[in-house]
Amino acid sequence: LRYDGYYVMADWLEIPNLRIKSTQFFAYLIQEKVLGLEIPVQSYLPRSRRSLFVTYAIASYLYRWIVTFSIIFFLSQVLKPYKLQSISLMLAGGALIPLLGMPAYQIIKFLRTPGRLRKVKKARATGFAVAAVAIVTAILMIPTPLRVQGTLVLTPAKPEEIYVEVEGQLHDLKVRDGDWVKKDTVIATLVNYEKQKELIQRQADHDINFAKHQYYNQSPERENRAIARQHLQTAEKLEGMLEKINDQIDKLTLVAAQDGQVLGVPHPETLGQWLKPGKPFCEVGDTHHLAAHIIIDQSDIDLIKVGNRSWVKVGGRAETTYLSEVAEIAKRNQDEIPAELSNMAGGEIAGKADPKTGQIKPQTAVYEVIIPIENPDLVLHPGQRGFAKIDGGTHTFGWWLWRLVTKTFHFVI
């Protein structure tokens, strides 16, 4: 890969055709030192600074592998939400031709040369091969720490959701989004004129029946007293209905269940809308204590345990790393994910909106991990996005490489 840096280095070292000379000199050393062949030294091969040429030949070959794999990995992650990872597989196949095909061709060409194998010193070649295998094995067995990454969104640690329990028309908003409130503070009021009309009607029926009970109960006649008992029973039944209706009307007043900051309050322009039970109206939480909700792919969830260390970065405060531990891991995969983390909102998780509910459903199996974040100075805010690294334990370098390859190309043994 001859970029500007290559030409700068070649000029600085005053070595023209640095890559070609390094590759040819490295091949010459392999034939002479490893295979024991008597190869005449070509006039264009370097006479000095030979270690530099060997180092450059090895480093440039490894660099080509790293750059090629990095590009393929990047494309596989970008194309994953659109289910176009087959494109990255085709690119990988094309990249293997120059990286593996050309060296394989040179080896076959070398072996097919008449009389070449008889000149190879087999004991020396075997010793170098064993040493090379031992070195590669030792490198692959190096303990390597693993970090599982995932995108996140911040929420209050333990918010209390305020629900509409009785349908009604939004009449008044007592607070604005982001206001701090005390427990039992009125957040909003709804009106339901049908419930009020029903209350008035039932109250009138109750009063009439109770009055009739008192009137007939004053009569000494048995029949009138029986009628009085009937009216009393009816009035008592109506008292239960009145209590239920009053309770429903009281629930039209939404109050804070705890001290904290009100989040998700509708805009004042929504006044007059008819609200039905089901969805949360808003939530109240203490934003001094936040929770980072992280979405993790199913291939990584087994590596994470409660109590594992984590490092959190939040958008807008990249200079600060928040240290914490995993507090909770979902037992089952998520049916819905936060809209902020989906690729539909610029996130990294492949998702699709449910046509019925509007909620974002993940395209693959993902799990939620919760990490507590302390926010004493209130510099962080619910809804902010970021990413986290979670300690996934220590594994061998070979296992780490194999995991990276399988995650990129999605194949298993």
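This is a predicted model: local features need pLDDT of at least 70, side-chain atom pairs count only at pLDDT 80 or more; totals for chains, interfaces and linings use all residues.
## The seven-stranded sheet

An open sheet is built from 7 strands, and its order is S12-S11-S17-S1-S10-S16-S13. The pairing in this sheet is antiparallel. Its edges are formed by strand S12 (322-325) and strand S13 (328-329), each of which pairs on one side only.

Inside that order, strand S11 (residues 309-314) is joined to strand S17 (residues 385-396) by 5 bridges, in the antiparallel sense. Across this pairing, Lys 313 has Phe 387 of S17 opposite.

## The four-stranded sheet

A further open sheet has 4 strands in the order S2-S9-S7-S4, again with antiparallel pairing. Its edge strands are S2 (160-163) and S4 (180-181); each has a single partner strand, so one side of each lacks a neighbour in the sheet.

The pairing of S2 with strand S9 (residues 280-285) is antiparallel and runs over 4 bridges. Here Ile 162 stands opposite Cys 282, which belongs to S9.

## Strand S5 and its partners

Strand S5 spans residues 186-191 and is mostly covered, with 5 of its 6 residues buried. One of its partners is strand S3 (residues 168-173), to which S5 is paired in the antiparallel sense over 4 bridges. In this pairing Asp 172 has Thr 189 of S5 as its bridge partner.

S5 also pairs with strand S6 (residues 253-255), through 3 bridges and in antiparallel fashion. Val 186 finds its bridge partner in S6, namely Val 255.

## Helices H7 and H8

Helix H7 covers residues 193-217 and helix H8 covers residues 222-250; the two pack with their axes 8 Å apart and at an angle of about 155 degrees. That angle makes H7 roughly antiparallel to H8, because angles over 145 degrees fall in that class. The crossing of the two helices is left-handed. Sorted by class, the residues in the contact of H7 with H8 are 12 nonpolar, 11 polar and 7 charged.

The loop between H7 and H8 contains Gln 218. This residue is exposed, with a relative accessibility of 66%. Gln 218 and Ala 228 are separated by 10 residues in sequence, and their C-alpha atoms are 8.8 Å apart in space.

## Aromatic pairs

A pair of aromatic rings is described by how far apart the centres are and by the angle of the planes. With ring centres required to lie within 6.5 Å, the model has 2 aromatic pairs. In one of them, the rings of Tyr 215 and Tyr 216 have centres 5.2 Å apart and planes at 80 degrees, so the pair is edge-to-face; the cut-off for this class is over 60 degrees. Tyr 215 is exposed at a relative accessible area of 58%, whereas Tyr 216 is partly exposed at 25%.

The rings of Phe 397 and Trp 400 have centres 5.9 Å apart, and their planes are at 10 degrees, so this pair is stacked; planes under 30 degrees apart count as stacked. Both residues belong to helix H9 (residues 397-409), where they are 3 residues apart, about one turn of the helix. Phe 397 is partly exposed, at 26% relative accessibility. Trp 400 is also partly exposed, at 28%.

Most residues other than glycine have a negative phi. Asp 184 is not a glycine, yet its phi is positive, at about 75 degrees. Asp 184 is located in the loop between S4 and S5. With 55% relative accessibility, Asp 184 counts as exposed, because the cut-off for that class is over 50%.

Leu 378 also has a positive phi, near 55 degrees. Leu 378 lies in the loop between strand S16 (366-374) and S17. The relative accessible area of Leu 378 is 30%, so the residue is partly exposed.

Note on methods. Residues are numbered from 1 along each chain as its sequence is written. Side-chain values use heavy atoms; hydrogens and water are left out. Rings of Phe, Tyr and Trp (its six-membered ring) pair if their centres lie within 6.5 Å; planes under 30 degrees apart count as stacked, over 60 as edge-to-face and the rest as tilted. Buried means under 20% relative accessible area, exposed over 50%, partly exposed in between (1.4 Å probe, protein chains only). Axes are lines fitted to C-alpha atoms, for helices over the stretch in contact, and angles run from 0 to 180 degrees between N-to-C directions. Angles under 35 degrees count as roughly parallel, over 145 as roughly antiparallel, 65 to 115 as roughly perpendicular and the rest as oblique. A crossing is left-handed if the near helix is turned anticlockwise from the far one by less than a right angle, and right-handed if clockwise. Ala, Val, Leu, Ile, Met, Phe, Trp, Tyr, Cys and Pro count as nonpolar, Asp, Glu, Lys and Arg as charged, and the others, Gly among them, as polar. Two strands pair if DSSP finds at least two bridges between them.
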